[in-house]
Amino acid sequence: MTPFGWAVSLAAAVAVGGSLWRAASWLRLGLPDAPSSARERAGAVWASLARPPRGKRAWRALVVLLLDVLGQRRLRARDPVRWAAHFILFVGFAGLFFLHALGDVVAVRLAGSYVSTLSPWLWLRDLFGLLVLLGFAMGSARRLAMRGRLPAPRRRDPLFVLAILGIVVSGFALGAVKITSAPAFERMLRDYASVSDDEAAALRAYWGAEYGVAFPPPVAAATPAQLAAGEAVHQAACAACHDRPQLALLSYPLSRFLRDIAPGVASWGAEAWLLRLHQLLCVLALAYLPFGRAFHVVSAPVALLAGAGTAPPADPNRRTRRALALDACVRCGLCDERCSVAPLAFLLGNALVLPAAKLDSLRAVARGRLDGEPRRGRLAEGAYACSDCGRCTVGCPLGLRLDDLWSAGKDVLRQHGEPPAAEWVKATAAAEWADRLAAWPRAAAPPPRYTSLTADRHTFSACVQCQTCTNVCPVVAHSDRANGVDATPQKVMNLLRLGLADLALGSRMVWDCATCYQCQEHCPAGIRVTEVLYELRNRGYERLSGLPRPGQGVS
Amino acid sequence: MSETYDVAIVGAGLAGMSAAVFAANRGLRVVQVGNAGALLFASGLLDLLGVHPIEEGLTWSDPWAGLTVLARDLPSHPYAKLEAARMRAAFAELTTALDETGLAYTAPGERNHEVLTDVGTVKSTYCLPRSMQPGAAALAAGVPCLLVDFEGLREYSAKAVAAGAAARWPGVRTLRLTFPAPGISGEVYAAHIALALEERAARERLADLVRPHLGDARAVGLPAVLGIMRTDRAAAHLAEALGVPVFEVPTMPTSVPGLRLKNALERAVAARGVERRVHGRVVAVERTGDQFELSVAATPAPAALHARAVILATGRFMGRGLEASRTRVREPLLDLYVSQPATRSDWHRADLFDARGHALNRAGIETDEGFRACDARGAVVHPRLFAVGTMLAHHDWARMKCGAGLAIGTAAAAVAHLADALGRSRSLS
């Protein structure tokens, strides 16, 4: 085996081993902390795989494979521009991979004696390479145009980008150098053509004039007779196999720039160096596959085929699906663009409100790093800011059940003593919160970050305490004596009128309000009751979260 | 440039809502600004004329006869500008509109009904909700009756009603129940009971609790809690389950009948294609050329409306149709002329409960025969600027028991004159 062959084998072994290691994480990681062992989960996966798909399921798998995996239908539906860039890059790279890199294995079976440089395929290799560059350029242009408009910077994988670009660019450079290379011509002449010295000279003259091979000086100007003879030899000895180099769509134009310095380039052995670089990059990229973003070519199809879109609670594979989703996310950020509460990320200065960053954080949680997670409080804030609208799930091009991840994340946070604010606020009576606020100087009111209805007495001074808001309030209607609201909406308005806003901050009414707007719709005095209650909740969150929680003692 | 409406109605109380229904019925394109919450202060009873003269506290069982006398005694009262036939037609048109939404009223007839109030007094009113009609019948016949109330419902006491009515209606017994629904305990609210009673099962549980106490009762009275959206069905079912007529006693504002009236009128105007700006408040009205431009303060953004006519139905002090400063009463939107006592010391009499009422209660907007607002000299301010309802001068609706009739009658007259002015005299029956 050649050294290159050894290197490829080694890289393939690393890629397979790394992929298995990564796939094993789908069985290890869990949200919430997995009580079932990896073995049990593997068994459950095996049990569902062992049922061969038939009928509708088989048909569905086929549709997913063709339309979702290969056609990337979900991405196209959600963002046609990104789909175009991604699909072009995907087609180009897949073409290079199967027809060029694996040409000996794949293409040969499809098209007999396929060699990417020989007739009629030379143009195809360059076309694939061009598609990769075009897709990459489209993606970069879009990203530049969107700069500053995306909610949060996404995690990048520069090695992945460098590998793809390096492989394609080095490939084009290699092609250009080879086209101008006189040593390459001589090698081909020696290996494939049996011609006399005169015929060889005529052939050189012809290739030099027609195809741009840069022969070392002195080069005599070719006579028409030489060219005619050269063409005859070319037709007899070369043309049957070798495409015209002009068909190399990008390499040939590139080679025109090299023409004058080509003899020098050839003498440095540039062709051999470029070949080694190209091969090295391919080998490194192969070995890197399981460790970077490139792995989505494996995990995304698995997630799509596994039907990650459905995760009923009784599904024995639920934890495995969640782990797979955590791993398969490519951080494309489409979820962030659709997030209903995205403005809160800016308002709170907390990127963990947004799905993509939150998912990253949940991955750390799934690895058991919640307690050491420095952003634990921020994660809780982000997790509970979510309104469960489900738009992220609908928007995910991989069909990941993000809503299920969020609910699992909230379960874990609760288990680790981070309940939602409504729960810890309501665990303490409103009056006690007011006392604590009064006794705790650090909780001195931070400047409000929201509209301040409650600070403007005109908001509530028109209240005549007519009780209409309470009458129409479904939360009051459905609260019983034990768990009921402690102050009806009308009483909260009265607390504000009396200048006792602090007493309202911790009241159950404020935290149980369903924001149905019935009170506001009915208020005869036109008071924005719902908006006041909502603002009190925000103010309460700001101010009470600075106080010690129950059980943490009050100094 | 936004759409130009035929008429902009400012206010969504009974007068504004009636005007919206009448105008839409006549094919006018209507925009209405205001929150209908003021209707929640309505009792649900539609009075025409209960008392006149108020000094004598004389009640009328035939309101039409009373109207004739009133127009002669008080020629500046808005009723003096209204023909009886128009009033009758207006009441019929409005109660028909309410019936269509599922809120049934007794048909406007010749006489007033007498109903028991939540303090045990008897009140004369013109049209009453069907759910209260069996109570009027039982009172008239004086049959034995059981009044039910609920633990924790602060605004209604059956004992207080029975005690107040004892002289007039001796055969009344009372019963206090804990309302049989989960989640309703402790302090309870009428609207929540009403919501629960929309459900058949809740009514059956209630009937099971009342039945053992029926005794000789030939009618059962409840506070006004028999459902919000489908009261007639709830009342009929409960009567069937108990085997005797069931009626509601009107309760104090803000009451469930007021909520029903608000809901029903909102549905009635919505069904007629009236454009409503519920969350807006008109802050200025200006004349631009042949039109009015109304500035509406609304969230998230202020808006401007354009209309060929304006009907002001902004009420009195509570609805902010009139504003009292230290020295005078003014109309805040257009600074219309307000007829009022010369000095503040004349606003009130010394005794708050003086039977003659207070001069301030008769302050208000002056109009011509067509309810067009007039200036201090009695000249019409604009041919298509109308003022209707309680904001008008020279009445004391609370003491005369004529609030609903004032709202409905003046709205009907203003709309009729407006339709004439716009060349749309097409009348829908």
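Predicted model: local features only at pLDDT ≥ 70, side-chain atom pairs only at ≥ 80, totals over all residues.
Figure 1. Which way do S5(B) and S6(B) pair, parallel or antiparallel? They pair in the parallel sense, and six bridges link them. To find S5 in chain B, look at residues 145-150; for S6(B), look at 172-177.

**Figure 2. The open sheet of chain B.** Step back from that pair and you meet an open sheet of four strands, with parallel pairing. Reading across the sheet, the order is S6-S5-S7-S8. Which strands sit at the edges? They are S6 (172-177) and S8 (246-249) of chain B, and each of them pairs on one side only. On average, neighbouring strands of this sheet are turned by 30 degrees against each other, with direction ignored.

**Figure 3. Helices H3 and H15 of chain A.** Now we turn to chain A, where H3 (residues 55-70) and H15 (residues 296-305) have axes that come within 9 Å and cross at roughly 140 degrees. Because of that angle, H3(A) counts as oblique to H15(A). The crossing in which H3(A) passes H15(A) is right-handed. Which residues of H3(A) take part in the contact? Ala61(A), Val64(A), Leu65(A), Asp68(A) and Val69(A) do, and they meet Pro301(A), Leu304(A) and Leu305(A) of H15(A). Sorted by class, this contact has seven nonpolar residues, one charged residue and no polar ones.

**Figure 4. Helix H15 of chain A meets H16.** H15(A) also packs with helix H16 of chain A (residues 318-328), at an angle of about 140 degrees and with the axes 9 Å apart. Is this crossing left-handed or right-handed? The crossing of H15(A) and H16(A) is left-handed. From H15(A), Ser299(A), Val302(A) and Ala303(A) meet Leu324(A), Asp327(A) and Ala328(A) of H16(A). The classes here are four nonpolar, one polar and one charged.

Figure 5. How much area is buried between chain A and chain B? The answer is about 1,800 Å², and carbon and sulfur atoms give 50% of it. Look for Asn471(A), Glu521(A) and His522(A), which supply 29% of the area that chain A buries against chain B, more than any other three residues.

Methods: Residues numbered from 1 in each chain as written. Chains lettered and ligands numbered in written order. Heavy atoms only, no water. Pairing = 2+ DSSP bridges. Helix = DSSP H or I, 4+ residues; strand = E, 2+ residues; numbered from the N terminus. Axes fitted to C-alpha atoms, helices over the stretch in contact; angles between N-to-C directions. Parallel < 35°, antiparallel > 145°, perpendicular 65-115°, else oblique. Left-handed = near helix turned anticlockwise from the far one by under 90°. Contact = heavy atoms within 4.5 Å. Nonpolar A, V, L, I, M, F, W, Y, C, P; charged D, E, K, R; others polar. Buried area = accessible area lost by both parts, 1.4 Å probe.
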